[in-house]
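Have a look at it first, then read on.

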Amino acid sequence: MFKLTVDSVELEFNGRKILQDIYLDCSTGEVVGLLGRNGSGKSSLLKIIFGVLTPTHKYLSINEDVLDKGYHKNRVAYLPQHNYLPKGIPVSSLAKMLVATEYWNEFSNLEIYKIHHRKKTEQLSGGELRQLGMLMILYSRSYFILLDEPFTHVTPIQADYFKGIINTVAKNKGIIVTDHQYRNIMDVSDRLIVIADGCTKPITSTEDLVTYNYLSGNN
Ligand SMILES: Nc1ncnc2c1ncn2[C@@H]1O[C@H](COP(=O)(O)OP(=O)(O)OP(=O)(O)O)[C@@H](O)[C@H]1O
């Protein structure tokens with residue numbers, strides 16, 4: 001079992017503190033849901049873990065190994081909020097670059113891949129691109145997967161299907177997922193963390209989400 005830990009993150013933009021008291025861990029075998037209001041710093045935290053955003057301070061480790069950037073040696077993979085797949089390249093070529101050999105059979109038998117693998121990325125709809133982009137990250141060789149808004153642009157029935165895939169993949173990997181479709185996040189996650197006022201807080205009940213101003217209390 002591997003455990004990713006991120007601690008003591010300090011991030012500010014133009015003198016404004018965004019993150020200041022952050023502790024988050026995720027072990028292989030679990031899905032951790034990350035919630036927070038718009039602008040609370042969820043995407044920033046995922047970028048810091050992956051290694052594409054450098055904060056003033058951070059501690060990041062996998063087991064006893066202290067890391068500078070999660071993406072080194074492919075230990076962490078990241079689905080950004082917006083499409084990351086380049087135009088002009090067939091889906092099958094991208095998939096062969098990203099999907100790990102041990103998952104290839106499972107991935108290449110997915111209906112969505114079979115339907116679209118010969119197309120170039122610009123020939124797909126936003127939702128199709130989102131789904132394929134997420135699946136390629138989930139089935140990559142990385143042990144830790146960060147998903148930023150995987151359910152956005154995805155219909156409810158597809159979201160249910162993806163929750164199943166996320167939970168299956170999480171038997172071998174650790175997954176940190178954030179999305180504003182909080183019911184999907186609650187369904188798919190083994191535990192929940194909210195970012196409020198720059199700090200991470202563990203969530204044990206829906207009331208906690210009201211306390212931390214994530215839900216209004218009428219939900
Ligand atoms: N490159 C940047 N320069 C200046 N400010 C930034 C930059 N990136 C993010 N911010 C600010 O940092 C804060 C946190 O942004 P972030 O994207 O991490 O929030 P979020 O919780 O993911 O928001 P959302 O749920 O709306 O996607 C926001 O107030 C945002 O305006």
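Let's start with H153, which counts as partly exposed because 15 C-beta neighbours lie inside 10 Å. For the burial terms, C-beta atoms are placed from the backbone, and a residue is buried with 20 or more other C-beta atoms within 10 Å of its own, exposed with 12 or fewer, and partly exposed in between. Before going further: this is a predicted model, in which local features need pLDDT of at least 70 and side-chain atom pairs count only at pLDDT 80 or more, while totals for chains, interfaces and linings use all residues. Residues are numbered from 1 along each chain as its sequence is written.

**Positive phi and partly exposed spots**

H153 sits in the loop between β8 (144–148) and α6. Helices (H or I, at least four residues) and strands (E, at least two) are DSSP runs, numbered from the N terminus. Most residues other than glycine have a negative phi. H153 is not a glycine, yet its phi is positive, about 75 degrees. N74 is another non-glycine with a positive phi, of about 55 degrees. Here are the two side by side:

| Residue | Phi | Loop | C-beta atoms within 10 Å |
|---|---|---|---|
| H153 | about 75 degrees | between β8 (144–148) and α6 | 15 |
| N74 | about 55 degrees | between β6 (65–66) and β7 (76–79) | 13 |

E12 belongs to strand β1 (residues 3–13) and, with 13 C-beta neighbours inside 10 Å, is partly exposed. Setting aside neighbours within four places in sequence, E12 is in contact (C-beta atoms, placed from the backbone, within 7 Å) with K17, I18 and T56. From E12 to S205 it's 193 residues in sequence and 30 Å in space, C-alpha to C-alpha.

How many of the 9 residues of helix α1 are buried? The count is 7, so α1 (residues 42–50) is largely enclosed by the rest of the structure. Those buried residues are K42, L45, L46, K47, I48, I49 and F50. Next comes G51, with a positive phi near 115 degrees.

Around the ligand you'll find F13, I18, G36, N38, G39, S40, G41, K42, S43 and S44; a residue is near a molecule when its C-beta atom, placed from the backbone, lies within 6 Å of it. α1 supplies the largest share of this shell, 3 residues. By class, the shell has 2 nonpolar, 7 polar and 1 charged residues. Here Ala, Val, Leu, Ile, Met, Phe, Trp, Tyr, Cys and Pro count as nonpolar, Asp, Glu, Lys and Arg as charged, and the others, Gly among them, as polar.

**Helix α2 and its two sides**

In helix α2 (residues 91–98), V91, A95 and L98 are buried. They cover an arc of only 75 degrees around the axis (taken from the directions from the helix axis to the C-beta atoms), so they lie on the same side of α2. S93 and M97, on the other side of α2, are exposed. The buried residues of α2 pack against α3 (104–108), α4 (111–116) and α5.

**The α5 and α6 pair**

Helix α5 (residues 126–138) packs with helix α6 (residues 156–169) at about 10 degrees, their axes 11 Å apart. The two are therefore roughly parallel (an angle under 35 degrees). On the α5 side the contact is made by Q131, M134 and L138, and on the α6 side by Q158, F162, I165, I166 and V169. By class, this contact has 6 nonpolar, 2 polar and no charged residues.

Key. Axes are lines fitted to C-alpha atoms, for helices over the stretch in contact, and angles run from 0 to 180 degrees between N-to-C directions. Angles under 35 degrees count as roughly parallel, over 145 as roughly antiparallel, 65 to 115 as roughly perpendicular and the rest as oblique. Two residues are in contact if their C-beta atoms, placed from the backbone, lie within 7 Å.
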